[in-house]
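Have a look at the structure first, then read on.

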Amino acid sequence: MERTMNILASKTPYRSRGFCVRIRFLHNTRHGRNPEKSFCYISFKWVLWFSLAFYLFSSFFITQTKPTPTFISKATVFPSKASRALIEELTLKPKSPEGLLKGMKVYIYDLPSEYNSYWLSNERCSNHLFASEVAIHKALMNSDVRTLDPWDADFFFVPVYVSCNFSRVNGFPDIGHARPLLASAVQHISSQLPFWKRSLGSDHIFVASHDFGSCFHTMEDMAMADSVPEFLRNSIILQTFGVNYKHPCQEVENVVIPPYVSPENVRSTLEKSPLTGRRKIFAFFRGKIEVHPKNISGRFYSKRVRTMILQKYGNNRRFYLRRHRLAGYQLEIANSIFCLAPLGWAPWSPRLVESVVLGSVPVIISDGIRLPFPSAIPWAEISLTVAEKDVKKLGKILEHVAATNLTTIQKNLWDPNVRKALLFNNPMGEGDATFQVLVALSEKLDRSHKRSKVSSQ
């Protein structure tokens with residue numbers, strides 16, 4: 001009998017033998033154990049084995065399959081700053097404002113009113129072409145980059161309105177008060193807080209929005225002779241003056257900024273004369289033109305460029321040239337195809353901004369000028385540059401452009417982002433002129449004492 005059973009077992013397939021073992025197991029449990037308990041025990045084992053197998057299979061599948069970034073949903077990520085940064089990185093989106101500014105923080109000194117707000121009683125102070133010193137201060141006061149804790153700051157803004165209160169001597173603007181006023185402000189802040197002395201002013205920011213910027217003079221020969229004040233040589237100067245050749249007035253860390261043009265006035269003008277409207281004036285200029293360029297100061301205004309324009313094209317019907325500004329000045333620009341922007345005393349001119357924001361192609365006649373915010377404004381694609389020596393060829397140059405690629409230039413020029421980058425808004429808007437200043441400053445964060453301290457730890 002025993003031999004017969006062994007023979008049968010040897011002929012039984014592997015699965016059948018396994019089945020017989022399980023039958024015997026259940027048979028034995030009926031005789032020796034509680035059936036309900038055994039059933040629960042077996043069920044539990046099956047659930048446990050199934051769960052373990054599923055976990056191992058899932059882990060293997062996930063590690064072998066790389067996630068596709070574009071399918072990540074914001075709804076599935078915890079809404080923290082870290083997760084937002086992760087989403088932006090994975091989806092390859094453009095940098096956010098926080099990313100562009102690199103988390104930069106700016107502390108604004110609270111100076112006595114005689115350094116700034118006292119002068120705002122004069123309406124001209126916050127509206128003339130030098131008013132970027134006021135506009136930047138106001139915008140920063142309401143900006144997210146501002147910190148009230150100076151120990152948390154990367155940079156320190158010193159709000160002194162130098163151009164707000166200049167006087168006139170013999171008919172010329174005079175800012176002879178600028179150096180002593182700034183020296184007084186530096187003495188004040190260094191006596192109140194330790195940050196100026198800590199860095200010798202290298203992380204401190206000033207605005208110089210007049211002709212020759214950090215030299216704080218309106219006449220070039222005097223500005224070059226005086227150069228940058230010694231106590232400001234380590235600081236950062238936001239200035240309208242900029243050239244691409246060696247010059248004493250930019251031998252300091254600086255950011256070239258645009259002259260101030262009122263955003264409200266621009267909006268009002270464009271409501272009356274839209275960008276894409278018909279432009280009746282071919283080439284326009286209104287402003288100071290010396291008939292006899294060597295004036296009573298003994299200096300040649302505009303290096304004679306404006307005088308040559310008047311002499312050559314004063315009787316040309318396609319050129320609308322006027323020597324005095326008036327209330328409707330911006331409407332004339334908005335009705336012009338080309339707006340001439342020759343140098344004045346300094347290389348820059350408010351027409352650089354006025355022409356762009358009003359949709360008239362700027363014709364820049366100023367050798368070696370350095371233009372504001374080149375990373376945000378494609379100057380080569382929205383303007384024309386004519387060498388000072390080629391002024392007498394100006395008519396032919398403009399005629400050629402009008403007959404060839406004018407439409408392309410206008411299309412680039414009328415991009416709203418270009419217009420935005422040249423206007424100082426309050427409050428500051430992403431992409432506007434103050435924002436562009438901050439982007440430029442964020443490239444100088446190696447001057448931040450806070451960050452250099454962290455990196456050295």
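(Buried means under 20% relative accessible area, exposed over 50%, and partly exposed in between, using a 1.4 Å probe and protein chains only.) A disulfide joins Cys125 to Cys164, with an S to S distance of 1.3 Å; the cut-off for a disulfide is a pair of cysteine sulfur atoms within 2.5 Å. The link of Cys125 and Cys164 is right-handed, with 50° about the S-S bond. Cys125 sits in the loop between β1 (106-108) and α6 (132-141), and Cys164 in the loop between β2 (155-157) and β3 (167-169), so the pair ties together parts that are 39 residues apart in sequence. (Those helices, H or I with at least four residues, and strands, E with at least two, are DSSP runs numbered from the N terminus.)

The structure holds two disulfides, and Cys215 and Cys249 form one of them, their sulfur atoms 2.1 Å apart. Here the torsion about the S-S bond is about -110°, so this disulfide is left-handed. Cys215 is in the loop between β5 (204-208) and α9 (220-226), while Cys249 is in the loop between β6 (236-239) and β7 (253-256), 34 residues apart. Cys215 counts as buried at 0% relative accessibility, and Cys249 is buried at 0% as well.

## About the model

This is a predicted model, where local features need pLDDT of at least 70 and side-chain atom pairs count only at pLDDT 80 or more, while totals for chains, interfaces and linings use all residues. Residues are numbered from 1 along each chain as its sequence is written, and side-chain values use heavy atoms, with hydrogens and water left out.

## The nonpolar core

Which residues touch the most other members of the largest nonpolar core? They are Phe338 and Leu398, out of 87 residues in that core. α18 gives the most to this core, with six residues. (A nonpolar core is a set of buried Ala, Val, Leu, Ile, Met, Phe, Trp, Tyr and Cys residues joined through side-chain atoms within 4.5 Å.) Apart from it lies another core, of 25 residues, among them Ala208, Val228, Leu232 and Ile237.

Most residues other than glycine have a negative phi, and most peptide bonds are trans. Arg304 isn't a glycine, yet it has a positive phi of about 75°. You'll find Arg304 in the loop between β8 (281-286) and α11 (305-313), partly exposed at 41% relative accessible area. Phe373 also has a positive phi, of about 50°, but Phe373 is buried, at 6%.

Now find Pro427, in the loop between α17 (416-420) and α18 (433-442). The peptide bond from Asn426 to Pro427 is cis, with omega near 5°.

## A pocket to explore

The second largest pocket holds about 400 Å³ of space. (On a 1 Å grid over the protein atoms alone, a cavity is a set of points where a 1.4 Å probe fits but cannot get out, and a pocket is an open set with protein on both sides within 12 Å along at least five of seven lines; lining residues have an atom within 4 Å of a point. Grid points are joined across faces, edges and corners, and a volume is the space filled by probe spheres set on the points.)

The second largest pocket is lined by 19 residues, with Asn265, Arg325, Tyr329, Gln330 and Glu354 nearest its centre. α10 gives the most to this lining, with four residues.
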